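Welcome, and please keep your viewer open. We will go from one selection to the next, with a word on what to look for at each stop.

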Amino acid sequence: MAQELNYWLTTTQIPTPPAQPLPEFVDVAIIGAGFTGLSAALALAKRGLKVIVLESETIGWGASSRNGGMVLTGLKLGVNKLISMYGRDLSRRMYAASLETIDTVERIVTEEKIDCNFARTGHLEVACKKAHFDDYSRQVEVIAREFNHPLRVVPRNELRSEIGSDIYFGGMVDEASAGLNPARYVAGLASAALRAGVAIAEQTRVTAVRKASYQGQPLLRVLTPRGTLWTQNVFIGTSGYTGAAIRALQKKIIPIGSYIIATEVLPDALARELSPRNRQIYDSKNYLYYCRLTPDNRMLFGGRAAFFPETFKTIRKSAELLRRGMIEVYPQLRDAKVEYLWGGTLDFCFDMMPHAGKIEGIYFALGYAGHGVAMATWQGQRMAEWMVDGKADNPFAEIPFPGAPLGLYNGRPWFLPLAGAYYKVLDWIS
Ligand SMILES: Cc1cc2nc3c(=O)[nH]c(=O)nc-3n(C[C@H](O)[C@H](O)[C@H](O)COP(=O)(O)OP(=O)(O)OC[C@H]3O[C@@H](n4cnc5c(N)ncnc54)[C@H](O)[C@@H]3O)c2cc1C
């Protein structure tokens, strides 16, 4: 059986920051050393601020080193739903931001010389049902008209030029998306932040943030088991790992497990057959599969095989389900050895939208719903500008941030088995 190990982590060395005592005072304390926190830290340090990133585990330990590395345009919510919920203007700004997120990643990778295999390979969504495929033409038309962004429909009889599978009803391609190696990217972001003067404190869990007075000034006091520090601003980038330190936020985030397997290195010809254009691929189900080739030609195949966040048991169970799923999609991989399996936690909000803003005087950005590689990076940069300039230019801060229906949620996702069953039924009937 495969090793329970994240393949990406075997391709890089995550930097180890120097161990130092916590400073007494910083301009900004950031919670979480993933894409969100490190991107913000880098931007803030470049504007001359004294910044510390507090991470309960190690750099990139959360979803940022565990994901599929798909740098995706668009939002989780469909475009028609987006417009009906938020109106044209706000939807246009949100969609434009989703396109800008890819440029932001590309700019940082170039400026900071991050060797992470960033490549504009485009993404391909494949339709699991005829009705899903029919909807692609409508979506392409709306996205071109309302958001001035070109996508392309691929009919079933041409799909072999995009994917080596015959089970789908057609596809939709967006050339603007990209792929990268997420562990190398998060390692590169951390190195860039350290070079810019950011302090990163690993093994430092924030247990609470309190408003308090420091030498007569109203400031925030950040509590950790290693001691406390004072700061003007706190920024939370804890995504699916948001805990009880900020209860108001924890209650708005649903942590959902996502799992990945990676095969042995495949021969070139087979790899090209499976993904002729090296796309970032995902399907149209709620309980979706996503897949791509790694730069060394492994098939990386992921999905929400179990809804619960990762444990030894859910990872093992999911790996078996994913292997079966992979063979359904790609019978050519029947004999391919699965060499790696791992899992991580996604952050969903109740409206499936990203959210950013201030809660109880503390800045935050999260809720990326599986689109976080690009969006988390962008949010980090945008939130840094907000903290420095005092002006929010962020459409995701302008939308309502709903909690659980009837308030029936205290941060423990007791309803996940029900939600999992609900989405399975939905995939069956819709
Ligand atoms: C298996 C998987 C596949 C995915 N695939 C894709 C993909 O292909 N494309 C895409 O766009 N998105 C994908 N995502 C989502 C994407 O990885 C995330 O949205 C993104 O990494 C979130 O980054 P982040 O920095 O906000 O959070 P994270 O990287 O999760 O980091 C949060 C950090 O906060 C720390 N933390 C939490 N609480 C505290 C505390 N109290 N004190 C100190 N530290 C704390 C945690 O230890 C953690 O390291 C995937 C996610 C998973 C799990």
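Select Val-206 to begin: one of its backbone N or O atoms sits 2.9 Å from a nitrogen atom of the ligand. This is a predicted model, in which local features need pLDDT of at least 70 and side-chain atom pairs count only at pLDDT 80 or more, while totals for chains, interfaces and linings use all residues. Residues are numbered from 1 along each chain as its sequence is written, and side-chain values use heavy atoms, leaving out hydrogens and water.

Stay with the ligand and pick Ser-64, where a polar side-chain atom lies 2.5 Å from a ligand oxygen atom. Asn-67 also places a polar side-chain atom by an oxygen atom of the ligand, at 3.2 Å.

Next, colour helix α1, residues 35–46; helices here are DSSP runs of H or I with at least four residues, and strands are runs of E with at least two, numbered from the N terminus. How many of the 12 residues of α1 are buried? The count is 11, so this helix is largely enclosed by the rest of the structure. Buried means under 20% relative accessible area, with a 1.4 Å probe and protein chains only. Among the buried residues are Phe-35, Thr-36 and Leu-38. Just after α1, click on Gly-48 to find a positive phi of about 90 degrees.

Move on to helix α3, residues 130–147, whose 18 residues reach 25 Å from first C-alpha to last, close to the 26 Å expected at 1.5 Å a residue. That expectation is 1.5 Å times one less than the number of residues. Its buried residues include His-132, Phe-133, Tyr-136 and Phe-147; α2 (79–111), β5 (123–126), β6 (152–155) and β7 are among the elements covering them. Following α3 comes Asn-148, with a positive phi near 55 degrees.

Finish in strand β7 (residues 170–174) by selecting Asp-174. Which side chain of opposite charge is nearest to Asp-174? It is Arg-120, 7.4 Å away, and the buried Asp-174 has no salt bridge (a Lys or Arg side-chain nitrogen within 4 Å of an Asp or Glu carboxyl oxygen). Its side chain does join that of Thr-73 through a polar contact of 2.7 Å.

Note on methods: Buried < 20%, exposed > 50% of the residue type's maximum accessible area, 1.4 Å probe, protein only. Lys, Arg positive; Asp, Glu negative; His and termini not counted. Polar contact = N/O pair within 3.5 Å; in protein donor to acceptor, adjacent residues only side chain to side chain. Contact = heavy atoms within 4.5 Å.
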